[in-house]
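Here is a short report on one protein chain. Please look over the sequence and the model before reading on.

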Amino acid sequence: MVLINELTARRVRSARKNANLTIKSLSQSSGITYSTLKRLEGGLAAFKLHDIVRLAEPLGVGHDDLIPKSSELSADPDGGAK
């Protein structure tokens, strides 16, 4: 089972790259420290709702775009549903 934090990290990383932002610039615009943001994107720290809200605006996405859907949580790593 894919963990919610891993999926959220993938979504944040993808949105950051699509917005052509570095971790440093996203850190500055979101107010989340560089080290925390690096750990969040790397899956080494758990996202909190306030992290998602703070990241959404500078990424140019809605906070709901960063939160995985329930159907994604039940999918196995090979892409099939469990």
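A contact means heavy atoms within 4.5 Å. Among contacts in the protein between residues at least 6 apart in sequence, 60% join residues at least 24 apart.

The model is predicted: local features need pLDDT of at least 70, side-chain atom pairs count only at pLDDT 80 or more, and totals for chains, interfaces and linings use all residues. Residues are numbered from 1 along each chain as its sequence is written, and side-chain values use heavy atoms, with hydrogens and water left out.

**Overall make-up**

The protein has six helices and zero strands. Helices (H or I, at least four residues) and strands (E, at least two) are DSSP runs, numbered from the N terminus. The order from the N terminus is α-α-α-α-α-α. Buried means under 20% relative accessible area, exposed over 50%, and partly exposed in between (1.4 Å probe, protein chains only). Of the 82 residues, 30% count as buried. The accessible surface comes to about 5100 Å², and 55% of that belongs to carbon and sulfur atoms. Areas come from the Shrake-Rupley method with a 1.4 Å probe; for residues, only the protein chains shown count as cover.

**The core**

A nonpolar core is a set of buried Ala, Val, Leu, Ile, Met, Phe, Trp, Tyr and Cys residues joined through side-chain atoms within 4.5 Å. The largest one holds 15 residues. Val12, Leu37, Phe47, Leu55, Leu59 and Leu66 touch the most other members. Helix 4 gives the most, with four residues. Leaving out residues up to four places away in sequence, Val12 touches Glu41, Phe47, Leu55, Leu59 and Leu66.

**Helix 2 against helix 3**

These two helices pack at an angle of about 115 degrees, with axes 9 Å apart. Axes are lines fitted to C-alpha atoms, for helices over the stretch in contact, and angles run from 0 to 180 degrees between N-to-C directions. The residues that make the contact are listed here.

| Helix | Residues in the contact |
|---|---|
| Helix 2 | Ile23, Lys24, Leu26, Ser27 |
| Helix 3 | Tyr34, Leu37, Lys38, Glu41 |

By class, this contact has four nonpolar, one polar and three charged residues.

**A loop residue**

Is Leu44 buried or exposed? Leu44 is exposed, with a relative accessible area of 65%. Leu44 lies in the loop between helix 3 and helix 4. Leu44 and Ala9 are 35 residues apart in sequence and 9.6 Å apart in space, C-alpha to C-alpha.

Technical notes: Nonpolar A, V, L, I, M, F, W, Y, C, P; charged D, E, K, R; others polar.
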